[in-house]
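Colleague: I have a structure open and want to learn how to read it. Can we take it one feature at a time?

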Amino acid sequence: MKESARRETGKAVNEALAIAKNCRHYAMCKIDFLGGGVCASGLEKHFVSFYPEGRMDLYAALMENAIPVTEKCLEIAESCNLCGCCDYQCYFVNEMRPTKVMQALKEHLRAYVKGGGNVVQAKDDAILGAMKKIVGADWASNDPAIRITYHHDLCPHVTFKMPEYVVLPNSTEEISAIIKLLNRNKIPYCVRGNGASSHGLVFSEGAVLDLNRMKAMDFDEKNWSVKVGPGTAAFDLQLEARKRGYRVHTAEPAALVCANIMTSGLLSTFSTAYGISADNYIDAEFVAGDGSTFRLNDIAAPNLFSFRNSLSEQETIAICVSVSVKLHPVTADEGGVLVPFASLDQALDFARECATRHIGLAIGILGGEFVSSFIAPTKRLAAEAKDVFAKKLGMPYLVLLIGDAYALRSVREMGHPLIDQKLFKTLFQGLPALASAKWLDLLDEVSDVEPFSYLRLGQFAELAETAIAPSPALQARDIDPDLRPFFEEVYSRPEMSDLVWLNTFRIQSSRYCREKPCVAFVFYLPIDNALIGAIQDGLRAVAEKHGLKSEFGFITPIDSGKRCVWEYDYYFDHNDPAEIARVRQAAREAGDLLDDYSKKTGTIRQVRYVVNQGCCRKENLLYS
Amino acid sequence: MFNNEHPVIALTGATGFLGSHLMARLLQGGSRLIVLGRSTKEETLPARISKLLRWFGMNAPADRLETVEIDFSQPKIGIPEATYNKLCSRTDQVIHCASDTNFSERKRERVFAANVQALSGILEFAAHGRAKAFHYISTAYVAGINHAVCRETLPAATAFVNVYEESKAKAEAVIASFCEKNSLPLKIIRPSIVFGDSRTGRSLKFNALYFPIKTVHYIRDIYLNDIRNNGGKKSRQSGIFVDAEGYLHLPLRVYLPQKGSINLIPVDYFVDATHRIIAGDAPGGIFHLTNNSAPTMATLAAYNQEFMKIRGVEIIYGRAGSDAGRNPVEELFDRFIEPYRPYLSDNRIFDRANTDRATGHMQPPEFTDEIFKKCMDYAVGVDWGGSIFAKEAGRN
């Protein structure tokens, strides 16, 4: 090989490895949120390794000699047809191109085989054989190429574990039989909804049960519920519910509904109306630790409605195999607005008032980091947008409110200038033109008399539209040229600028760690401005001490405004050991700070204490 | 340490529009200055002053210019006692130019803190060292609402257009009372609306006169861009088009409450007149720096139409009707000029007897099309202030 060709190859390898090591493990490549398709081999094989996320981990592991080349490696690499649909998905979320990794994986393994490299064949043992008898030969494996993709995530706090086995049962009976088998052989295990992990909770040196195949969705419309299997992703469920004219309360689009409910309890901006924890479901079915089954509504069922405010009892006591989730009605007049505020205090007052008066279905105070990350198609634009909203427009905080026509009328009557759907679409599709829009300087001057008073002008949206000339083409302007036509089409869809759809399906919230992953502190507390201000100062000071970027995420009022849920984030580079060490220390100190406030006030509940108690009654969690 | 025969003047507000011009003029005249001011997050006070002086084409003269960091909210304006005593004893005169010029009612507390509460510190500074004179840069608009003839006397008004006027009127009363009690000669200088240099067009600030012009400029560019690059559909909907002579037809009806003028003086007149008043023999008094031949908005609109190659701007006296029928440009412009509206059709007559005596009847120049063009050319050239120092750095 000539030197120049060798250099090019080396560059491609480095680029592919950099992409592979930056996978955020959000599993967005497992749902068809853009309508561009999902990796066909993943849908067929279900193991994480057959999805782009898994192939990225596999490539990184091979390049770092963490595992040998096995037969499964070759199968996984060749199962990718380089269709490119993961590029659309991953670019939307993280501005990354996984296809380069898929290509590099193929080339690496082909060269390895061509060079006479040894290909290892994983051997079945008795346990694996027994597993295969239960779930079928295709659905259990001890091949390192499978196991490696279940052995880590980006959480900086945990020691990762490589499982001996990965098994994909497809029914309650199969789960029960697998559990009994594992118990008999004293093999530890953990359970995953779809193979993904993002918070360091699901690692085992024994077996990983991946429930990705169990994607049932049985609607019972007369009882306003849908029974979902543990492999059902929020996006897919929401899509089906929407087709029938309902909404379900879900979290992140790729997150599993059962897993969400079981681990931290469901929460979102819709928690204002739909609640948290046990508010979200009607019944659930479980396989207990001994392999027996029970329903939550059984009179003798374990009391999963209780809540213990401690870290000590967080072992999962049962595997959730289905949840009957509530269906919520949707009216045709739903809409969304963004109400800007110059300070968090003002935003809190407004959000509290709306929640207390039961105005709106979804309310979220969003900080500049979230708003800019969500609406910008690229990192560079996100940085510009953050600057525009905070500095030029003086809007460091925006309160998102989704509601019906009555709710939106009430918000207008409350007298706050606001960004309505039309203006949002203009700003959203015109984002690339905003940073250089000189006329924005005028808004600052006029806002001196009354903040954001220009938003009251009946024709401001019209003028902004003239000035910015928003369009899907403009919105996609900074995207890689070969992906641009696809994204122009995506951004031209009405739902892609509809605040209601965007907040129901939440596909943009996956962008919040595009720049860097984060450690999220999520906690419930009263909407007490002074307390929130003091905690925010404390969390920020800890982050600054350790040289970390930290940002306000969101606050959503819940339970008639008596409490709220708040996310505050510490960002870190997961490929930088020094930064990982700093974020670990900072997270410990921030946890101590929150513990102190919890003790002092008696009203704060941290979601890290809720883990595996997500089924609990909201009242037990918040007030007891 | 200063060492020559010129008086030592302590100056506040030297980083502002009027203060910086005064600073430059006083230094050019040989004065020795103690600039009392504050650093910002980005720049130290000496760096700010040096940058401003460079804009004036000057270097900071080390033997005649001293900068002192102060804080009006602190005892002895934040200066350590020993230094404070020395500075006071060396100060012959004080010019208090620092001011918060915000009009916004919601900034009332901040404006009063800066314009009234902060006075005690600088007044005590003047009295402590037995300064020979105190000069206060006020505004002609302390006259308040409903004063057809505004005298060069302390204000009696109780109603004001905005919090800025109110705070300046209150400040005059506080200062006058203090100076009388402490036998401190006082001169109050009351400029009307100050714009850039009538000879060069240069300016450091682009509010007041500039703001409505800047608004039209940006709006014009929005529609020109729409017509040239986006097919002009939006423009056509609002009746906006480029005519056969290349002018943008921009229908813009500007409603003003009554006929009147906008009282403008150029900053070169302000500094020359102020310099004469300060250096003059008069023991004290109040001085209106105003323009007896102020232009109307119709005149300014005509100047601007030619300057920007637009047509369709119409000045209408009376109240605007409902928003119905108004195009986006009119609605936006109307909201933008709201804080300035009372100054755009002003009927007040400003008595200038003291000023004429003290300045030898020096008058501000008539606001001609030529001056307008010179000033707006400069403003556009420096992106309405956005690139003012970058441009100066490039020039130097």
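## Reading the two chains

Modeller: Start with burial. In chain A, 54% of the 624 residues are buried. Keep in mind that this is a predicted model.

Colleague: What share of chain B counts as buried?

Modeller: For chain B the figure is 44% of 396 residues.

Colleague: Next, overall shape. How many helices and strands does chain A have?

Modeller: Chain A has 27 helices and 18 strands. Its radius of gyration is 25 Å, close to the 25 Å from the globule rule for 624 residues, so chain A is as compact as a globular protein of that length. Its C-alpha atoms fill a box of roughly 75 × 70 × 50 Å along the principal axes.

Colleague: And what does chain B contain?

Modeller: Chain B has 15 helices and 14 strands. Its radius of gyration is 22 Å, close to the 21 Å that the globule rule gives for 396 residues, so chain B too is as compact as a globular protein of that length. The C-alpha trace spans about 70 × 50 × 40 Å along the principal axes of chain B.

Colleague: How do I read contacts along the sequence?

Modeller: Look at how far apart the partners sit in sequence. Take contacts in chain A between residues at least 6 apart: 73% of them join residues at least 24 apart.

Colleague: Now the core. Which residues have the most contacts inside the largest nonpolar core?

Modeller: That core has 306 residues. Those with the most contacts inside it are Y59(A), V167(A), V339(A), A351(A), V399(A) and L11(B). A second, separate core has eight residues, including Y141(B), C150(B), F160(B) and F350(B).

Colleague: What is Y59(A) in contact with, leaving aside its neighbours within four places in sequence?

Modeller: A16(A), A20(A), V101(A), A104(A) and L105(A).

Colleague: Then show me how to read a helix.

Modeller: Check its length, then its faces. Helix α1 of chain A covers residues 3-20. Its 18 residues reach 25 Å from first C-alpha to last, close to the 26 Å expected at 1.5 Å a residue.

Colleague: Which residues of α1(A) are buried?

Modeller: A16(A), I19(A) and A20(A). Seen down the helix axis, the buried residues of α1(A) fall within an arc of 100°, so they line one face. They pack against α3 (52-63) and α6 (99-114) of chain A. On the other side of α1(A), the exposed residues are E3(A), S4(A), R6(A), R7(A), G10(A), K11(A) and N14(A).

Colleague: On to domains. How is chain A divided?

Modeller: Into domain 1 (3-114), domain 2 (126-210) and domain 3 (337-610). For any pair, ask about separation and contact. The centres of domain 1 and domain 3 of chain A are 32 Å apart, taken over C-alpha atoms. Between them, 13 residues of domain 1 of chain A are in contact with 13 residues of domain 3 of chain A.

Colleague: How is chain B divided?

Modeller: Into domain 1 (8-191) and domain 2 (199-261 + 295-346 + 366-396). Their centres are 32 Å apart, taken over C-alpha atoms. Eight residues of domain 1 of chain B are in contact with seven residues of domain 2 of chain B. On the domain 1 side, α1 (17-28) and α2 (45-55) of chain B each supply at least two residues. The largest share, three residues, comes from α2(B).

Colleague: How do I read the interface between the chains?

Modeller: The size of an interface is often given as the accessible area lost when the parts come together. Here we count residues instead. 18 residues of chain B are in contact with 19 residues of chain A. On the chain B side, α7 (210-229) and α11 (328-336) give two or more residues. α7(B) gives the most, with six residues.

Colleague: Where is D559(A) found?

Modeller: In the loop between β16 (549-558) and β17 (563-571) of chain A. D559(A) counts as partly exposed because it has 19 C-beta neighbours inside 10 Å.

Colleague: And what is the phi of D383(B)?

Modeller: Positive, about 55°, although D383(B) is not a glycine. This residue lies in the loop between α14 (369-381) and α15 (388-395) of chain B. With 15 C-beta neighbours inside 10 Å, D383(B) counts as partly exposed.

Methods: Residues are numbered from 1 along each chain as its sequence is written. Chains are lettered from A and ligands numbered from 1 in the order in which they are written. This is a predicted model: local features need pLDDT of at least 70, side-chain atom pairs count only at pLDDT 80 or more; totals for chains, interfaces and linings use all residues. A nonpolar core is a set of buried Ala, Val, Leu, Ile, Met, Phe, Trp, Tyr and Cys residues joined through C-beta atoms within 7 Å. A residue is buried if 20 or more other C-beta atoms lie within 10 Å of its own, exposed if 12 or fewer, and partly exposed in between; C-beta atoms are placed from the backbone. Two residues are in contact if their C-beta atoms, placed from the backbone, lie within 7 Å. Helices (H or I, at least four residues) and strands (E, at least two) are DSSP runs, numbered from the N terminus. The radius of gyration is taken over C-alpha atoms; the globule rule is 2.2 Å times the number of residues to the power 0.38. The expected span of a helix is 1.5 Å times one less than its number of residues. The arc is that of the directions from the helix axis to the C-beta atoms. Domain bounds come from an automatic or database domain assignment.
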